[in-house]
Amino acid sequence: MAPRKTRLKAIKTAAPRKASKLAPAENPIPYLGFGILFGYFLSKSRATDYDSIEAMFLCREFQLYGVIIVSVAVVSLGLFLLRRSGNKAYSGQAVEMEPLTWDPSRLAGAFLFGAGWALAGTCPGTSLAQIGEGKLIAVATVVGIVAGVWAYKKFKPGIAPKNDAVC
Amino acid sequence: MLFLTHLFQFLFTQTWAWWAAGLGLGLTAVGLAWFTGKRLGVTGGFEDACSVMTKDSAFNPSPTNWKLWFILGLPLGGLLANLGHWSWTLLYGQLDAITFGNNFYKILWLLLSGFLIGFGARWAGGCTSGNTIMGVSIGSKMSLLATLAFLVAGVIVTNILFKVVF
């Protein structure tokens with residue numbers, strides 16, 4: 001058997017890894033992977049639990065406020081470090097982080113969302129994670145959300161922003 | 001062996017302390033930004049879904065529908081987090097009592113609330129992930145205001161529901 005160094009070199013030079021047919025930006029698998037991680041942590045945080053959401057809004061538990069505060073802190077720090085190191089993503093793209101366009105009428109939408117969040121005890125991301133958890137009643141919430149997003153486009157309120165980008 | 005049992009339960013059964021789960025969510029969002037250069041958001045995935053299902057050009061899907069791929073991972077994540085004790089159920093916490101244990105009422109309740117969530121999130125320009133976790137971290141004033149409005153509306157509605165109505 002060849003000495004270790006030579007063997008390592010052979011591995012490195014022999015067969016270059018077969019390039020994926022899709023460019024990094026087009027390959028869906030990393031996005032699916034990040035979705036799995038996000039759903040996993042949402043479930044771990046108890047944000048998928050109806051009673052925890054209600055306990056948050058009734059100010060009986062700090063849990064979900066803590067989750068929001070820590071994630072905002074981590075993301076702020078992470079994006080700061082990313083900017084400091086040139087704002088280049090691993091895939092070669094520039095990191096796109098435009099803030100949401102300013103429009104006070106969005107607050108009306110935000111109030112509707114908050115009411116729905118409290119009534120259903122779930123937000124869009126957690127409703128999907130709930131289905132994976134086995135809380136099959138969440139299928140109704142997901143259908144409602146799709147209908148709501150569709151209806152917004154079809155029957156856009158007159159005061160809604162013209163340039164309505166979404167995250 | 002005992003250690004492995006504990007690790008298995010930690011990973012696939014238990015829920016986590018707020019700081020641990022928040023750390024995970026934050027690192028996932030940073031990881032997505034670092035690896036792909038994209039801004040995490042769930043509502044955009046629902047917009048993609050509408051675009052794919054209706055083929056209507058009124059919707060603006062994300063390039064290559066990456067947001068739809070992202071939200072398709074969410075159920076898998078929920079499954080993974082509860083692999084140790086997975087079972088399906090139609091129960092849904094205290095909402096069971098509010099809807100008198102009737103599944104038809106519960107489905108109707110969730111459909112209508114879901115409609116409010118979807119319509120409101122699309123109008124507000126994002127939901128709890130896009131506006132609260134990402135938007136506030138970017139320093140977007142609109143996202144911060146939207147987040148405060150989410151919380152104010154949620155607190156008002158929940159208090160009416162649990163302290164006045166039921």
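Which hand does the crossing of H4(A) and H7(B) have? It's right-handed, meaning the near helix is turned clockwise from the far one by less than a right angle.

Before going on, a word on the model: it is predicted, so local features need pLDDT of at least 70 and side-chain atom pairs count only at pLDDT 80 or more, while totals for chains, interfaces and linings use all residues. Residues are numbered from 1 along each chain as its sequence is written, with chains lettered from A and ligands numbered from 1 in the order in which they are written.

Back to that pair. On the H4(A) side, the contact (C-beta atoms, placed from the backbone, within 7 Å) includes A:Ile68, A:Val72 and A:Leu79; B:Ile133, B:Met134 and B:Val136 are among the H7(B) residues.

Now zoom out to chain A. You'll find 7 helices and 0 strands there, taken as DSSP runs (H or I, at least four residues, for helices; E, at least two, for strands).

How far can you trust it? Chain A averages a pLDDT of 87, pLDDT being the predictor's confidence in each residue, from 0 to 100. Residues 7–23 of chain A, though, fall below 50.

Definitions and conventions: Two residues are in contact if their C-beta atoms, placed from the backbone, lie within 7 Å.
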